[in-house]
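Subject: the structure I promised

Hi,

Here is the structure we talked about, ready for you to open. Have a look at it first, and then read on for what turned up.

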Amino acid sequence: MDDQFWYFKRCELFEQLSDEQIRKLEVQSKTKTFDRKSLVYLPDDATDSVLLVVSGRVRIYHITPEGKEALLAFIDPGELFGELTVIGQSEREEFAETMEKSQIVSIRAEAIRELMAEQTDVTLGLTKLIGLRRQKFERRLKSLMFQPNRDRLIHLLLELAERYAVKHPEGIALRIRLSHQEMANLIGSTRETVTVVLGELQLEKLVAIHRRQVILKNIKALAEAINTKPPDLGFLT
């Protein structure tokens with residue numbers, strides 16, 4: 001069986017599928033390797049496929065009417081993107097760009113619809129994926145509208161910790177390394193403001209930064225600073 005079999009099994013949406021169902025997906029998919037900073041698709045591109053990241057990382061973003069970049073999400077290995085195609089979206093609405101050299105599998109949307117008709121787990125999983133992403137986008141939009149820059153940045157750090165946290169001698173390190181500009185794009189701010197706020201958080205001994213890696217030295221204090229609960233990280237309990 002083709003190596004794509006294992007790529008599909010790494011995706012939570014497909015992990016319960018039989019070998020026969022995986023083979024059907026393989027027949028209706030193709031793999032492509034993209035160099036770093038390559039556009040996978042653009043707004044208004046016609047679409048009839050859902051995409052699965054095999055290796056590397058993809059970022060999803062909009063360009064605002066003011067010409068600024070607004071980051072929406074990072075897509076990691078084993079995760080899908082472009083999933084709205086399955087429920088009828090015929091054109092892309094955002095940019096998808098690789099952050100590093102990436103291998104991506106394109107799956108015909110019709111193949112997933114056929115799976116949904118025979119496998120309720122796939123239907124429920126896709127519905128959950130769409131719902132959680134929309135919830136995250138709306139939460140970020142609310143943050144952009146009503147919170148000051150400091151609170152927005154702390155909220156972002158806690159959100160990143162939910163996905164990328166690892167133990168570190170000084171606290172909790174984030175596996176993903178973002179530039180100040182990328183953080184600014186995620187919170188609707190400027191690179192200069194992010195630099196200033198991170199400096200303040202370092203002086204307060206709430207975070208540390210080593211070679212672009214952010215370390216959350218006191219995650220509970222960070223959460224308390226914005227009146228929220230710290231993320232549920234299993235290795236902290």
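What percentage of the 237 residues of the chain count as buried? The figure is 46%. Bear in mind throughout that this is a predicted model, so every number below is computed from predicted coordinates.

**The chain as a whole**

On secondary structure, the chain has 8 helices and 12 strands. Its radius of gyration is 19 Å, close to the 18 Å that the globule rule gives for 237 residues, so the chain is as compact as a globular protein of that length. If you are setting up a box, the C-alpha atoms fill roughly 55 × 45 × 30 Å along the principal axes.

Contacts across the sequence are well represented: of those with a separation of 6 or more, 69% are between residues 24 or more positions apart. The accessible surface is about 12,800 Å², and carbon and sulfur atoms hold 50% of that. For charges, count 35 positive and 36 negative side chains, with 6 Å between the centres of the two sets.

**Arg-59, a buried arginine**

Arg-59 sits in strand 4, which covers residues 58-63. Is this arginine buried or exposed? With a relative accessible area of 9%, Arg-59 falls under the 20% cut-off and therefore counts as buried.

Which side chains does the Arg-59 side chain make polar contacts with? One is Glu-69, at 2.3 Å, and another is Glu-97, at 2.6 Å. Beyond four places in sequence, the contacts of Arg-59 also take in Leu-71, Ala-73, Phe-74, Phe-95, Ala-96 and Met-99.

Thr-98 belongs to strand 7 (residues 95-98) and is buried, at 0% relative accessibility.

Phe-34 is in strand 1, residues 29-34. Phe-34 has 11% relative accessibility, so it counts as buried too. Thr-98 is among the residues that Phe-34 touches beyond four places in sequence, along with Leu-39, Glu-100, Lys-101 and Ser-102. If you want a distance to check your numbering against, Phe-34 and Pro-231 are 197 residues apart in sequence, with 33 Å between their C-alpha atoms.

**Arg-175, in a loop**

Arg-175 lies in the loop that links strand 10 (171-174) to helix 6 (180-187). Its relative accessibility is 44%, so Arg-175 counts as partly exposed. The side chain of Arg-175 reaches the backbone oxygen of Arg-163 at 2.9 Å. Leaving out neighbours within four places, Arg-175 is in contact with Arg-163, Tyr-164, Val-166 and Gln-213. Gln-147, by comparison, is 28 residues from Arg-175 in sequence and 26 Å away, C-alpha to C-alpha.

**Two backbone angles to look at**

Most residues other than glycine have a negative phi. Which residues here have a positive phi without being glycine? Arg-211 is one of them, with phi near 50°, and Asn-227 is another, at about 55°.

Arg-211 is in the loop between strand 11 (207-210) and strand 12 (213-216). With a relative accessible area of 79%, Arg-211 is exposed. Asn-227 comes in the segment after helix 8 (219-225), and at 75% relative accessibility Asn-227 counts as exposed as well.

That is what I have for now.

Cheers

Technical notes:
Residues numbered from 1 in each chain as written. Predicted model: local features only at pLDDT ≥ 70, side-chain atom pairs only at ≥ 80, totals over all residues. Heavy atoms only, no water. Helix = DSSP H or I, 4+ residues; strand = E, 2+ residues; numbered from the N terminus. Buried < 20%, exposed > 50% of the residue type's maximum accessible area, 1.4 Å probe, protein only. Polar contact = N/O pair within 3.5 Å; in protein donor to acceptor, adjacent residues only side chain to side chain. Contact = heavy atoms within 4.5 Å. Rg over C-alpha atoms; globule rule 2.2 N^0.38 Å. Areas by Shrake-Rupley, 256 points an atom, 1.4 Å probe, with all protein chains shown as cover. Lys, Arg positive; Asp, Glu negative; His and termini not counted. Charge placed at Lys NZ, Arg CZ, Asp CG, Glu CD.
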